[in-house]
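Thanks for coming. I will go through one chain, starting with its contacts and ending with a single residue.

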Amino acid sequence: MNSETFIKNLTELIDTEEILTLGTKLSDVEDWDSLSLVAFLSFCNSKLKLSVTPEEVKAAQTVADLFKIAGGK
């Protein structure tokens, strides 16, 4: 998955109207909360077939960090 597709999926996943970029800090995204974290985990584990832990996601600081966790390069 490329970064553009990932950002589109993440925007829908966390149901935000904010414009996200790879450089966006998660702490600046109002809609990034515990429910978003769980939704992201589910997305990675179910749709992408990746084994992602909550600790990995909690350690993410930016959208780029989430992209890497989701297998982006």
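Among contacts in this chain (heavy atoms within 4.5 Å) between residues at least 6 apart in sequence, 47% join residues at least 24 apart. This is a predicted model, where local features need pLDDT of at least 70, side-chain atom pairs count only at pLDDT 80 or more, and totals for chains, interfaces and linings use all residues. Residues are numbered from 1 along each chain as its sequence is written, and side-chain values use heavy atoms, with hydrogens and water left out.

Next, the elements. The chain has 4 helices and 0 strands; helices are DSSP runs of H or I with at least four residues, strands are runs of E with at least two, and both are numbered from the N terminus.

Of the 73 residues, 37% are buried, meaning under 20% relative accessible area with a 1.4 Å probe, protein chains only. The C-alpha trace spans about 25 × 25 × 20 Å along its principal axes.

Now the single residue. Where is Thr24 found? Thr24 sits in the loop between helix H1 (3-13) and helix H2 (34-47). Its relative accessible area is 15%, so Thr24 is buried. Leaving aside neighbours within four places in sequence, the contacts of Thr24 are Ile19, Val29, Gln61, Thr62 and Val63. A polar atom of the Thr24 side chain also lies 2.8 Å from the backbone nitrogen of Thr21.

That is the end of my part.

Notes: Buried < 20%, exposed > 50% of the residue type's maximum accessible area, 1.4 Å probe, protein only. Polar contact = N/O pair within 3.5 Å; in protein donor to acceptor, adjacent residues only side chain to side chain.
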